[in-house]
Amino acid sequence: MTTTDEVRTGPPPGARRERPRRRAAATVVNTLVGLVLVAGAVAVQSREMSQAEMDAPLTYVGAKDEAVDAGRFAVRVKKVSTARTVKSRDKIVETEQVFLVIEAEATVPKDPVHLAPPTLLAADGKKFVATDKVDESQTLVNPWIQPGWWASGRFVFEVPPAALPGAQAVFQLPTGGFYVEPLPPEAQVDLGIDEAAAKKLSSAPADVVDLDEKK
C-alpha cells in the first residue's frame, strides 16, 4: 500500500467536524425555546398579579373620632354602643347575640356619593355584614353624601360578644355596573374597643336603640 492510498482511504477532513456543529446548533435552539417559554410564563404570572392588585381596594386606616380620608370620601365614627333590641319603623326587633350600633358621619370633596353598607372586621379575621333586620333607609346608606357637608347616620350589626374586642368597621362605595373601578377606596376604622370596653358593651347593652329617633 502506498502512502497515497492510505490518505485516500481515510475520511474527508471536514466529515468529523460537521456532526459537532449540528449538535451545538440543536443545543442553542433548545436553549432559546426554553428561555422563551420561561419568559412567557413569567409574563402571564405578572399580568395575573397585576390584575389581582388592581382589583384589591386601596385601604386608608384610622381610628374612632378621626376623620379618615379615603380620597373620594371621608368618614368619621363618633360613637359605638350595644343594645338588646332595636326599634325600626315602630317595630321592635331582637337578636340572640348583641346589636352593635355604630354612629358615623361622612363627607365628600367633590362628587356626591352613597356609602355602601359597611363590613365589621373582627380581630380574628371574621367579617360581619350589617343586619338585614334594619331597613337601609334608616342608616347612613340612605342619604346622598354631599360636598362640604357631613351627613350623619347609624349602622347596626348583629355579632357575638367575642367579636367586639379589636373590631374595625370597613367603609366602601357601592360597586356594580359595567365599569369596575380599579383600586377602589375603602376606610378601615378601629372602633377603639379593647377587652375592658368589650366586656362593658356585652354585659350592659341598652334595652333598646330607637332608630326612629332623630339625631
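Of the 215 residues of the protein chain, 32% count as buried, where buried means under 20% relative accessible area with a 1.4 Å probe and protein chains only. The model is predicted, with local features requiring pLDDT of at least 70 and side-chain atom pairs counting only at pLDDT 80 or more, while totals for chains, interfaces and linings use all residues. Residues are numbered from 1 along each chain as its sequence is written, and side-chain values use heavy atoms, leaving out hydrogens and water.

The protein chain contains 3 helices and 10 strands, taken as DSSP runs (helices H or I of at least four residues, strands E of at least two) and numbered from the N terminus. Their order from the N terminus is α-α-β-β-β-β-β-β-β-β-β-α-β.

The structure holds 1 aromatic pair, formed by phenylalanine 155 and phenylalanine 171, which are tilted at 5.9 Å centre to centre with 55 degrees between the planes. Rings of Phe, Tyr and Trp (its six-membered ring) pair if their centres lie within 6.5 Å, and planes under 30 degrees apart count as stacked, over 60 as edge-to-face and the rest as tilted. The pair links distant parts of the chain, its two residues being 16 residues apart. Both partners are tabulated below.

Elsewhere, the charged end of arginine 76 sits over the ring of tryptophan 150, 4.2 Å from its centre; the criterion is NZ of Lys or CZ of Arg within 6 Å of the ring centre and within 35 degrees of the ring normal.

Conventions
Buried < 20%, exposed > 50% of the residue type's maximum accessible area, 1.4 Å probe, protein only.
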